[in-house]
Amino acid sequence: MSLMQADLHVEIARLQKEIQTHFGLKEDNLIFDFKDHGGRTKLNLVTVNPRHEQSFLFHSVEGIDKVDALEKMLNYVKTYRDSESSYTIQWSAKSAKDLQTSYFRARNIHEALDKLFYGRDMNAITVFSVVLNPLT
């Protein structure tokens, strides 16, 4: 591995750690899902709720490479509370009887639901309510 590659890996690790620290989540509750997207890098940041052990999309960004995508994600993580609305979604997995409550930041109700359903069959969850929370 060249020195430049090593430095690149160090920068990727540093940015991931900074994002993780901003959330205050354990390492296994935050997933950095990188995908090649037409010659660019798409980063889906996924959170895992430790209480009900379900994963949800937090946010997606696209960059020219992993470092660029992570820098964009870090910027989003630092500012999203100022630019997006807060939603509360009450839902239940089809195989469970318990009602769950999850919170999402999104530009609109459709994006909040997309984050809830990310990576899963839409028929696996029943949504009971979606509420736009008051501004705080």
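Modeller: Let's start with a term: a residue is buried when its relative accessible area is under 20%, exposed when it is over 50%, and partly exposed in between, using a 1.4 Å probe on protein chains only. Keep in mind that this is a predicted model, where local features need pLDDT of at least 70, side-chain atom pairs count only at pLDDT 80 or more, and totals for chains, interfaces and linings use all residues. Residues are numbered from 1 along each chain as its sequence is written, and side-chain values use heavy atoms, leaving out hydrogens and water.

Colleague: OK, what makes strand 2 largely enclosed by the rest of the structure?

Modeller: A strand here is a DSSP run of E with at least two residues, a helix is a run of H or I with at least four, and both are numbered from the N terminus. Strand 2 has ten residues, and seven of them are buried, so it counts as largely enclosed.

Colleague: And how do you know which strands it pairs with?

Modeller: Two strands pair if DSSP finds at least two bridges between them. Strand 2 has eight bridges with strand 1 and nine with strand 3, so both pairs meet that rule. On the strand 3 side, Val46 stands opposite Leu57 and Lys42 opposite Glu62.

Colleague: What makes strand 1 and strand 3 the edge strands?

Modeller: The three strands form an open antiparallel sheet in the order 1-2-3. Strand 1 (30–37) and strand 3 each pair on one side only, which puts them at the edges. From one strand to the next the twist averages 25 degrees, where axes are lines fitted to C-alpha atoms (for helices, over the stretch in contact) and angles between N-to-C directions run from 0 to 180 degrees.

Colleague: Which residues take a positive phi in the hairpins?

Modeller: Between strand 1 and strand 2 there are two residues, and Gly38 has a positive phi near 65 degrees in that hairpin. The hairpin of strand 2 and strand 3 has four residues between the strands, and there Glu53 sits near 55 degrees.

Colleague: Why is the contact of Arg40 and Glu62 called a salt bridge?

Modeller: The term needs a side-chain nitrogen of Lys or Arg within 4 Å of a carboxyl oxygen of Asp or Glu. Arg40 and Glu62 come to 2.9 Å, N to O, so the pair qualifies. Arg40, at 30% relative accessibility, is partly exposed, and so is Glu62, at 29%.

Colleague: How many salt bridges are there in the whole structure?

Modeller: The search finds seven. One of them joins Arg14 to Glu11, with the closest N and O atoms 2.8 Å apart. Both residues lie in helix 1 (residues 3–23), three residues apart, or about one turn. Another joins Lys72 to Asp68 at 3.5 Å, and these two are four residues apart in helix 2, again about one helical turn.

Colleague: Is Asp68 buried or exposed?

Modeller: Its relative accessible area is 17%, so Asp68 falls under the cut-off and counts as buried. Lys72, at 35%, lands in the partly exposed range. There is also a network, in which salt bridges with shared partners join Glu11, Arg14, Glu18 and Lys78.

Colleague: Which residues lie nearest its centre?

Modeller: Of 20 lining residues, those are Phe23, Thr47, Phe58, Tyr103 and Phe104. Strand 5 gives the most to the lining, five residues. Tyr103 belongs to that strand and is exposed, at 60%.

Colleague: How do the residues of the lining divide?

Modeller: Ten are nonpolar, six polar and four charged. Nonpolar means Ala, Val, Leu, Ile, Met, Phe, Trp, Tyr, Cys and Pro; charged means Asp, Glu, Lys and Arg; the others, Gly among them, are polar.

How values were computed. 1 Å grid on protein atoms, 1.4 Å probe; cavity = no way out; pocket = protein on both sides within 12 Å on 5 of 7 lines; lining within 4 Å.
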